[in-house]
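Visitor: I'm new here, and I'd like to know how the aromatic rings get their labels. Could you walk me through it?

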Amino acid sequence: MRIVQHVWKGSSGERTDPVTGTGASASGARYEQIAEQIRESIRTGRRQVGQLLESEAALAADYHVAPGTVREALRLLVSEGTVGGRRGARKVVLRKPRPAAVAEEFRSFAQWASAHGRTPGGQVIEQTWRIAGAENAAALRVDHRDRVLQVLRVRLLDGEKVMVERTSYPESLGEIVERIPADTASVSRHLADEHGIVFAGADHVFSATVCNQQDASLLGVSRGRPLLRHLRRSRDRGGRPLEFSEDRYLANVISVAMSNGRNVNPISWLTADEHNWF
């Protein structure tokens, strides 16, 4: 499997607003910036839950943009459930938005920890080449007879053991990962910085499990202790799988927070016998 990265580069570091055709900084299109400013006004209390927003014309005047740009910003806020209302009518604030998640949320343990002011760490316990088998083949989209690199790590948060990570990489990427120093804090950051391999997105499944003998030994806890099980398949910008990982967190350390609403539902329930999760 050959991993190809497509990195878009603009001549000036700007993107074009799809509504107005004007340039926007690399931090986001203008309508995205306006949506975030409205979110922040709700977080800070300047706009209250239940309060009507100004009309599209008034908002366009306030932000010095075309009405179409404001319309796109409002459409984004409606889709995530922050505001709502009938088409053509002034929108109402439905809920206080959560703080914006960091870009690496659920994609990199080390970068998530650093973004939250915590100190990440890790120990590579073992890395071995194995035949993919059915589960890895389905998740990584490789032949079940292909080789995959399996890495067993213990993850630390502020010096404390909090998670056992079992990650499988397709052969071409595994050959790179195998050469990364064992004490590297963030494998995904190293791959991005040194090789241009970007973890652009991921699929997740969370469930509960208990410590087996190996987990208990690695984490220094008793066998049978509750764990939060996190299955993760990371993808590059083209949607190709880069890794398939099973992370097992101590249950009293990490929680999962999600928001859903009428127009957006990033969470779904699965029964325990549904194995084809990805």
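What follows is a chat about aromatic rings and the reasoning behind their labels.

Guide: Happy to. Keep in mind that this is a predicted model. The count here comes to two aromatic pairs.

Visitor: What makes Phe109 and Trp112 an aromatic pair?

Guide: Their ring centres are 6.1 Å apart, and the rule asks for centres within 6.5 Å, so they pair.

Visitor: And why is that pair called tilted?

Guide: The planes are 40 degrees apart. Under 30 degrees would be stacked and over 60 edge-to-face, so this one lands in the rest, tilted. Both residues lie in helix H4, three residues apart, about one turn of the helix.

Visitor: How do you know that Phe109 is buried?

Guide: Buried means under 20% relative accessible area. Phe109 has 8%, so it counts as buried. Trp112, with 18%, is buried too.

Visitor: What does the pair of Phe109 and Tyr249 tie together?

Guide: Phe109 is in helix H4 and Tyr249 in strand S10, so the pair links parts 140 residues apart in sequence. Tyr249 is at 9% relative accessibility, so it counts as buried. Phe109, Trp112 and Tyr249 form one aromatic cluster.

Visitor: How do you know that the charged end of Arg147 sits over the ring of Trp129?

Guide: That charged end is 4.0 Å from the ring centre, and the distance limit is within 6 Å.

Terms used. Residues numbered from 1 in each chain as written. Predicted model: local features only at pLDDT ≥ 70, side-chain atom pairs only at ≥ 80, totals over all residues. Heavy atoms only, no water. Phe/Tyr/Trp six-rings, centres within 6.5 Å; stacked < 30°, edge-to-face > 60°. Helix = DSSP H or I, 4+ residues; strand = E, 2+ residues; numbered from the N terminus. Buried < 20%, exposed > 50% of the residue type's maximum accessible area, 1.4 Å probe, protein only. Lys NZ or Arg CZ within 6 Å of the ring centre and 35° of its normal.
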